[in-house]
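Subject: Structure handover

Hi,

Here is the structure I said I'd pass on.

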Amino acid sequence: MSEAQRTPFVESLADAATQAHLPGAGIGWLDAARRENLEALLSAGLPDTRVEAWKYTALRALGQRRFAQGDTQALTREVDGAAFALPGVDGPALVFVNGVFRADLSRIDALPAGLQLQPLSQALQGDAEPLRFALSRHYREGGDAFARLNAAFAGDGVVLRVAAGAKVAQPVHLVFVGAAAESDLAWHVRHVIELGEGAELSVAEHHVASGEQQHLGTQVTDIVLRKGAQLRHVTLQNAASGGTLIRHDSVQLDEDAQATLYVLELGGGLVRHDLHATLAGDRSRLETRGVFVLNGRQHVDTQMAIRHQALNTASDSVWRGVADQRSRGVFRGAIVVAEGADGSDASLSSKNLLLSGQAEIDTKPELEIYADEVKAAHGATVGQLDERSLFYLCSRGIPLAEARAMLTAAFCRAVFASLDEDALREHLDQQLMAHLPSA
């Protein structure tokens with residue numbers, strides 16, 4: 001490790017490793033995976049802006065901090081359940097406070113037929129072998145430092161499986177509360193989600209703050225959709241304004257599988273979301289819809305990579321960004337159509353609004369095609385609100401601030417128009433309106 005990589009953050013991890021009491025300790029392959037990932041992280045350190053994937057997101061300030069790993073008081077911290085209630089989402093729920101599972105806040109007593117839902121810590125107490133493939137995963141060098149960190153220190157998470165043919169009517173609610181503590185904490189959660197052949201499921205993932213804090217949270221999720229499975233996954237991210245949240249999601253779609261992913265990013269001081277999707281089976285289909293609304297000095301970085309590697313697959317991605325004051329948004333959308341993936345249909349749209357001369361948005365669409373008979377399109381824009389539209393609204397007696405909010409909301413709302421759960425869509429809209437800079 002070079003002197004530049006020998007940061008207080010990285011050095012503190014070696015000390016934490018000797019004190020960590022993680023679930024599944026004593027399972028040989030799991031201990032080995034944790035040790036290998038930690039050693040790789042200690043050796044390489046955190047990425048800097050010379051690494052292409054981190055070009056627009058500097059980690060210097062984070063590297064100078066030391067976090068306590070885990071929260072020993074999480075089971076007794078007071079949390080208001082109203083803070084994470086979602087309209088229309090009142091089915092099974094798992095709630096984690098600072099990365100620790102809270103049975104008293106969760107709902108898993110009566111699960112629908114075909115649904116397996118339990119915290120990772122409990123799953124490891126039973127038959128851990130089905131988790132071996134996911135938890136033994138090796139990560140590439142450079143950009144996956146936080147995935148390695150998560151693999152080395154994940155204290156809990158979610159194991160969610162749906163049996164073949166099962167169609168779960170009620171959405172599953174996954175809640176991650178960042179609660180105020182006596183010092184800055186780091187928490188790490190690891191999720192495994194698998195839908196069997198023909199299964200159907202909706203998931204609402206919710207990140208919310210309970211009090212001001214500057215915690216670091218990492219989350220790694222592996223999602224596998226078997227033949228003909230269908231998943232709708234909605235993420236509402238409203239973490240603490242000073243918090244750091246690093247997420248790494250991988251999605252694999254087998255033959256005829258379909259996934260629709262909605263993301264609304266509203267909170268956090270530094271938020272990074274890596275989304276990697278592989279359309280591995282013929283006729284699989286992926287839709288992604290995302291919005292980030294930033295103000296203050298917030299920084300949200302989304303890195304999306306979609307790979308078409310089977311026949312007649314389709315992906316459709318629509319993302320919108322709004323940045324005000326001194327905030328910064330980053331979006332990279334990369335699509336690769338592999339050799340032999342004929343009949344692929346891929347599209348990506350990234351449109352962004354700057355509401356301040358000091359705000360910044362960097363957007364970068366990428367497209368690589370190695371197959372014939374392919375339809376592909378991508379586009380990206382960064383601009384300001386249309387002055388003619390503002391003038392029109394103001395000429396009708398609407399105050400300027402209200403007119404700006406109306407136009408900004410209309411710019412963002414189209415992303416969630418296809419979400420057919422009315423109550424949840426309306427809640428997302430309310431959250432969006434509450435965070436619009438000029439509202």
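Below is what turned up, taken pocket first, then cavities, then one aspartate and the annotated domain. Bear in mind that this is a predicted model.

**The largest pocket**

The space in the largest pocket comes to about 770 Å³. Its lining is made up of 28 residues, and those nearest the centre are His21, Gln69, Gly70, Asp71 and Thr72. If you want to find the pocket by secondary structure, look for helix H1 (8–17), strand E1 (68–69), strand E3 (100–101) and strand E7 (185–195), each of which supplies at least two lining residues. E7 gives the most, with 4 residues. Sorted by class, the pocket lining has 14 nonpolar, 11 polar and 3 charged residues.

**The cavities**

How many cavities of 30 Å³ or more are there? The count is 5. The largest cavity has about 130 Å³ of space in it. There are 15 residues in the lining of this cavity, with Gly178, Trp187, Gln213, Ala239 and Ala240 nearest its centre. Four strands each supply at least two residues of that lining: E6 (172–179), E8 (200–210), E9 (216–225) and E11 (244–253). E6 gives the most here, with 3 residues. By class, the lining of the largest cavity has 8 nonpolar and 7 polar residues, and no charged ones.

**Aspartate 144**

Where does aspartate 144 sit? You'll find this residue in the loop between helix H5 (132–135) and helix H6 (145–153). Is aspartate 144 buried or exposed? Its relative accessibility is 5%, and the cut-off for buried is under 20%, so aspartate 144 counts as buried. Leaving out residues up to four places away in sequence, aspartate 144 touches Tyr139 and His248.

**The annotated domain**

UniProt, in an unreviewed entry, lists residues 183–411 as "domain: SUF system FeS cluster assembly SufBD core". Over residues 183–411 the chain is 60% strand and 9% helix.

Cheers

Definitions and conventions. Residues numbered from 1 in each chain as written. Predicted model: local features only at pLDDT ≥ 70, side-chain atom pairs only at ≥ 80, totals over all residues. Heavy atoms only, no water. 1 Å grid on protein atoms, 1.4 Å probe; cavity = no way out; pocket = protein on both sides within 12 Å on 5 of 7 lines; lining within 4 Å. Points joined across faces, edges and corners; volume = space filled by probe spheres on them. Nonpolar A, V, L, I, M, F, W, Y, C, P; charged D, E, K, R; others polar. Buried < 20%, exposed > 50% of the residue type's maximum accessible area, 1.4 Å probe, protein only. Contact = heavy atoms within 4.5 Å. UniProt positions renumbered as here; feature names shortened; annotations may be inferred.
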